[in-house]
Amino acid sequence: MKQLILVRHGKAAISEETFEDVDRPLKLRGVRDSLSIAKTLKEKNITPSQITTSHAARACHTATIFAECLHFPLESVTITHKLYNANLKDLLDLIRQTANKISVHLLVGHNPTFTFATNAFLKEPIYDLPTTGVALLNFNVDKWEDISRDNLGHFELVFPKKE
């Protein structure tokens, strides 16, 4: 089995003249939601074999929170430019190139691509993967290159509580 965990970064500051988009930090709500959702995954006994994040500040901060909560070594988090402004094909290619020794791959990135990727595997599409929303997707395969809608087993969507 392969488990793919797609995490949309936490709520970020609105783009202003003071920040380039890539440098936008998490808002306090983004930090709180990331902690809450990461704790929920910990309660579900989720243990990532790999965490890969976009290089954007808001995604890196979200990935750091998840890594610390899930006891994943920070120095092993992979930071990539490939997840920032990625299109669906590029994201799916990156996922399918995951080493087969990895059983649980957690990725932190951006919309709309993460919503599109989630919908690529679900029979009933979702409208939006909200900030700090998580798609837990379990595939009945041995190789990442074989993941598809047809071999999706159990899945779960975990969203932050609306305030």
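**Inside the fold**

Author: Beyond its neighbours within four places in sequence, R24 is in contact (heavy atoms within 4.5 Å) with A12, A13, I14, S15, F19, A57 and R58. The model is predicted, so local features need pLDDT of at least 70 and side-chain atom pairs pLDDT 80 or more, while totals for chains, interfaces and linings use all residues. Residues are numbered from 1 along each chain as its sequence is written, and side-chain values use heavy atoms, without hydrogens or water.

R24 sits in the loop between β1 (2-8) and α1 (28-43), where helices (H or I, at least four residues) and strands (E, at least two) are DSSP runs numbered from the N terminus. Because its relative accessible area is 15%, R24 is buried (under 20%, with a 1.4 Å probe and protein chains only). Its side chain makes a polar contact with that of D21, at 3.0 Å (a donor and an acceptor, N or O, within 3.5 Å).

L137, leaving aside neighbours within four places, is in contact with residues including L4, L6, F121 and F155.

Methods. Buried means under 20% relative accessible area, exposed over 50%, partly exposed in between (1.4 Å probe, protein chains only).
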